[in-house]
Structures are given as structure tokens and as C-alpha cells.
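Dear colleague,

Please read them alongside the coordinates.

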Amino acid sequence: MQGSANHRRLSRSFMGRARSRNGAVLALVMANMGAGCAVGPDFQSPPPPAVASLSPTPLGIGKSRGPEQQAYVRGLNIPQRWWELFHCSPLNLLVARAIEGNADLDAARAAVRIASANTQAARGGFFPQIGASLDASSQKLSAAQAQASGTGTSPYSVSSGQLSVSYVPDVFGLNRRRVESLSAQAEAQRFELEAAYLTLTSKLALAAIEEASLREEMKSAEVSIAVATEVLAFLKQQADANEATRIDVSAQEVTLAQFQQSLQSLRKRLATNRDLMTALAGGMAGEGMPEKFEFACLRLPTDLPLSLPASIVRRRPDVRAAEANMHAATAEIGVAIANRLPQFNLTANAGASASAIANLASAWSPLLFWSIIGSAAQTLFDGMSAEQKQRAAEAGLDRSAALYRGTVIAAFQNVADVLQTIEADRQLFLAAERGVRAAQVNLDLTRQLLRQRVASVLQVLSAQQMYAQAKSSHAEAKAARRADTVLLFQALGGGWDSGEAPPGDWPAVVTSAADQHRRR
């Protein structure tokens, strides 16, 4: 009896120490989870490049003067609806309709919802999984079975209900890193959506400017046709009076035909350009669109934004998307490392059995059963598969970092190209204005000399060609200045983070603008 008592005391002492050790291990695991520890590197946003200037050539900073003059303003924010700076109601209506009906934007929105839903689905791993089951069966033993078990052969029913709870402790941060990666991917999709908005609105603005240029060139072509027709009629009169040759008349007829061909070519380009805008707005080409664009509608913004080099990497959605992809690749390294470490699992089951389903709720303790199971698993050998997956994740981070660096370099190149193009096109516009004025004077004087029978046919043909070319160059120069402004807004990020609303709310803000346009 004394030995039995000693044995019980030793057993209680051993079990107490075992429970103490188990409690310490459990406390350590819970403390590790509560502290939010996760293996793998933590992501840090790359610093902006140390660049002092956006353009290799100095830019003029000052107050703009005149209707077609522009000046850079440091720190000027780009509004979210930057296309409204052109003060063109048809453009505002077209953009509002496109934002609602463009298929690419709908696809980008759906991609954001998919990424967000996948992230929320992964967050479910932070919580226990609870399940319930209910079984009912009717059985009858054979005579041999009944004799062996000492029971009767009458049929009987058995019902059982069970509640199961399982939980996977995120000891090494496997699920946390997985959720971090999915969250970064969802963020990248949101920036892709912002980039899709910026691309769409830029394409529409550029197409509207192209239409205005084509319409002005068509007007110039019609004027050239009218002048060429007038000159042809006068030369025919001179030929009838033997004051001009058939060669002179034929040369003028060729000139008139060239102007007519140019007009038809411009009309074709206008038709295809309007088909493009109709498609971008989500409509069928056969439906057409009511808006028409001319330079009188598209006023040139006088102030141009000039951002600091460090702010470009925070404002361009393509750069932010590349950074988010880099964040996701960093988290994937933690996922790969955690997959090489032990995996823990806790499972608890409780239930009851009764002779009828209705008796389960009132089942008394002899009919209850339960179990609690804890397990740990560690792969000892997998042919280095897990290690190679970790190396692949590390290489994926190197790839994402290189792509991010390339995106930043391309972004700065884009900004520099646009800034230098703006200055070059400004000089071209000034030269085009001087050229069109000189060509107009030359054509008027040549026509007067022709009526006075002083100018030669060669001079008349040259004056007409120079005037048509000068008017076309002037229209293209006006369009280029407006297009350069659009490209600058696009290169600097388009204003989605201007502070008027959170970036994710920009679609809602723009859609509300569409509603306002419809109410007008």
C-alpha cells in the first residue's frame, strides 16, 4: 500500500511537470503569435532616386502671358479631372461616358475585386475552422452476431452528432506572409486600375485634339480648293484669249486635284479617329457620337505642373504598381521559409450518440464523447524542393526589384522627353505662326499679280502649295502643344493622388462627375 501511494505521488509529480512544460510551450507559441513574428524579410519602400533635375536642359519658370503661352509652376497639383483644364464641355461629357462604359475599365475593376476577395479569403486562416456533422443509421444483427455479443436480433437505430474545431497556429507567420503577399497584389491591381483610368482619359483627350487638328486642316484644304478653283477658272479664261497655255491649265488642274485628294484623306482620318473615340467610350462604331471638337473648344492650359523628382515615384501608378509587386515578392520569401519549418495543428471534437436523433439534445453524460489532439509535423527530406522554392522566391524578389528600377528609369525618361518636347513644340508653333502669316501675304499678292497678268503660273502654283503646307503645319503645331500638355499630365501621374479624394475613391468621384454632366 505504501508503494502504491508513492507511485501515485510520483505519477502526479511527473504529470504536473509535464503539464507545466506543455503550458510553457503553449505560452511560448501564443506569445510568438501575439507578437506578430513572421519569418522572412520585412518590406521597405525603395528610396526615391537622387536626381536633381527632371530635364537635362533648363526649364523656364515664370508667369504665363498671352492666350497660347504656358509657364511651369513648381508644386502645382494636377486635379483628378485634369481634362477639365481644357474647358471643353464636349470633352468632359465624352470622358464621363467612357468611364462608365469602357470595357477595359470594367475588367480592371473586376480584377481589383478578385484580388481583394482572395486577400479576404486568406485572412480566414487566422481563425479556427468549425464544422458539424450528423449521422443516423438503422441496423439489425444476424443470429450469429447476436449470440456472440449477447444481444437480441431486433432492429435498432443509432444517431450521433459531432462538433469539430481545428486551428492551425501561425507560429512562424506562414499565413501572415501569405496575406501580406495577397494584399500587395491587390494593391498592385488597384494601381493598375488607376493606370487604366489615366490611359483611357489620355487617349480620349489626345483623340479630341487630333479631331480638332483634322477639322482645322480640312477647313484649310477647303480654302485651298476654293482658291485653286478660282485660279483654274482664270487660267482657262486666259487660255481662251491665248494668254495662257494648255500646260498652265493642266498644271493648275493637278494642283486642284491634289488639294481635293488631301481633303478626302483628312476626312478618312477624321472618320477613323471618331470611331476610336466611340469605341473608347464603350459604344459601337455605327452609333457614332454627338460630340465634335475644334480648337475653339480646347483651350490651352496656361500653367504646367513641375513636380520634384522624388514625388514622381509616389504619383505615377505604374511605379506604385511595380513597388507593390516588389512588396508581394518580398512576402513570398517569408512564405517559402515558413513552409520549411514545423507545422502545428490543434483539433478538438465533441459529440454524442443516442438511439434517436431527437434524443441527441438531451443526451446525458455517458453518451457524450470528446477528443483534443495536438500535432506537429516537419518534413525531413523532400529532395531539396522547399529549399529550391525559397531560392526561387529570392530570385523573384531580385526580378521585381529590377523591374521596379526599370519602371522608375522609364518614368523619368518619359517626363524628360515630354518636357523637352514641350519646349521644341513651342518654338515650332511660333515658327508656324510666322510661316502661315507670310504664306497668306504671299498668296494674296500672287493672286493680285495674276489678275494683273504679271505673275507667272509657277509663282501661283508655288504660292498655293506654300499656303496649304503652312496652314497644315500651323494646325499640327497647335495640336502638338495641347497634346504635349496631355502627355505631361499623364507622365506626372494624372492627379489621382491630388488629395481631393483617396486614390481608391477616384472611380467613384469621376462617376459622380458623369452624373453631374448628365443632369446638365
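A salt bridge here is a side-chain nitrogen of Lys or Arg within 4 Å of a carboxyl oxygen of Asp or Glu. Please keep in mind that this is a predicted model. By that criterion, the side chains of Arg 391 and Glu 387 meet in a salt bridge, with 2.9 Å from N to O. Both residues of this pair, Arg 391 and Glu 387, belong to helix H9, where they sit four residues apart, or about one turn of the helix. Arg 391 is partly exposed at a relative accessible area of 45%, and Glu 387 is likewise partly exposed, at 22%.

Salt bridges with shared partners also join Asp 42, Arg 177 and Glu 180 into one network, and the structure holds 20 salt bridges in total.

Two further pairs connect separate helices. Arg 267 forms a salt bridge with Glu 222, their closest N and O atoms being 4.0 Å apart; Arg 267 lies in helix H6 (residues 246-280) and Glu 222 in helix H5 (residues 174-240), so that this pair links distant parts of the chain, 45 residues apart. The relative accessible area is 37% for Arg 267, which is partly exposed, and 39% for Glu 222, which is partly exposed as well.

Glu 230 and Arg 451 form the other pair, with 2.9 Å from N to O. Glu 230 is partly exposed, with 37% relative accessibility, and Arg 451 is partly exposed with 42%.

Methods:
Residues numbered from 1 in each chain as written. Predicted model: local features only at pLDDT ≥ 70, side-chain atom pairs only at ≥ 80, totals over all residues. Heavy atoms only, no water. Helix = DSSP H or I, 4+ residues; strand = E, 2+ residues; numbered from the N terminus. Buried < 20%, exposed > 50% of the residue type's maximum accessible area, 1.4 Å probe, protein only.
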